[in-house]
Amino acid sequence: MERTEIKQWSLALDDAEQSRTSLERITAKIPNLDLTSAYDIQDELLRLRCDRGEKIIGYKMGLTSKAKMEQMGVRDPIMGVLTDAMQVQSSEAFNVSTRIHPRIEPEIAFRTKAEMRGVVTREAVLANLHWIAPALEIIDSRYTNFDFRLPDVLADNCSSSAFVLGEPVREWKDIPIGDLPMEMKFAGVVRQRGASSAILGHPADSVVALVGMLHARGKTLPADSIVLAGAATAAVALEPGVDVCLSAPGFADVSIRVATLPS
Ligand code: OOG
Ligand code: MG
């Protein structure tokens, strides 16, 4: 794809996000959009955000569980970039009207220590962590009806929108990270129930996959990155006024207050 076209699509996606107006997936117009161009659009999109002062603080993996692959109809894991502007504090209210059609999903977050590159093992990932925390990710596709193919979602920075981290745990050796029950509640009622094993068999393997995917693009995972491993269950649409909470044994509950629409 031509440089000017890469720029145009990144501007269109950025504008969709800022104006909260969805657009038709790119592949409806360009059915053979290749993955390299898709990642180039993602890179350009991040450049626009960084030009506005945002800082890259980590990465997210997506479509790493069967539940998500089935929900979205895309069967390949994807990676996107997290910026500081996407992080929401549990104490703040999240206003749904600042997004197009936000959904929420239960995740595990890692904070890595040293830079990682190339082929790494699960053990190497687990030995290179500052902490592990439960997390809620709010995704918001810039495509109408969340209708996308693999290249579209990559171009759209994998529907990244916001995330809230739970209390980090530094001494996690006694917590079964690889098979952790996870429950996402809406106003106290369980809406999704799953386990961290749904995330590529073990959520640390999602970091392994991320480092491999970055390597394939000539990149490394920087030191001190936050990584969201991918949702353990399908995502659920946020509802104004309905608070969402994620419980996982060994961790404090993490919740997000969802504000009602402004008048
Ligand atoms: C793509 C983002 C997927 C996950 O955890 O699987 C994702 C989407 O569902 O719109 O973040
Ligand atoms: Mg996710």
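**Ground rules.** I note that this is a predicted model, where local features need pLDDT of at least 70, side-chain atom pairs count only at pLDDT 80 or more, and totals for chains, interfaces and linings use all residues. Residues are numbered from 1 along each chain, chains are lettered from A and ligands numbered from 1 as written, and side-chain values use heavy atoms, without hydrogens and water.

**The shell.** I found 17 residues around ligand 1 (a heavy atom within 4 Å), and the closest include Lys60 and Ser159. By class, 9 are nonpolar, 3 polar and 5 charged. Strand S1 (56–62) is one of the elements that supply at least two residues, and S1 gives the most, with 3.

**Polar contacts.** I checked N or O pairs within 3.5 Å. Oxygen atoms of ligand 1 lie 2.7 Å from a polar side-chain atom of Lys60, 3.0 Å from one of Glu107 and 2.8 Å from a polar backbone atom of Ala231. Taken alone, ligand 1 exposes 310 Å², and the protein buries 100% of that (Shrake-Rupley, 1.4 Å probe).

**The magnesium ion.** Which protein donors does ligand 2 have? I found Glu105, Glu107 and Glu137, each through OE, at 1.9 to 2.0 Å (the donor cut-off is 2.8 Å). Their spacing is E-x1-E-x29-E. Glu107 in strand S4 and Glu137 in strand S5 are 30 residues apart, so this pair links distant parts of the chain.

Key:
A polar contact is a pair of N or O atoms within 3.5 Å; within protein, one must be able to donate a hydrogen and the other to accept it, and residues adjacent in sequence count only if both atoms are side-chain atoms. Helices (H or I, at least four residues) and strands (E, at least two) are DSSP runs, numbered from the N terminus. Ala, Val, Leu, Ile, Met, Phe, Trp, Tyr, Cys and Pro count as nonpolar, Asp, Glu, Lys and Arg as charged, and the others, Gly among them, as polar. Donors are N, O and S atoms within 2.8 Å of the metal (3.2 Å for Na, K and Ca); water is not among the atoms, so sites may look incomplete.
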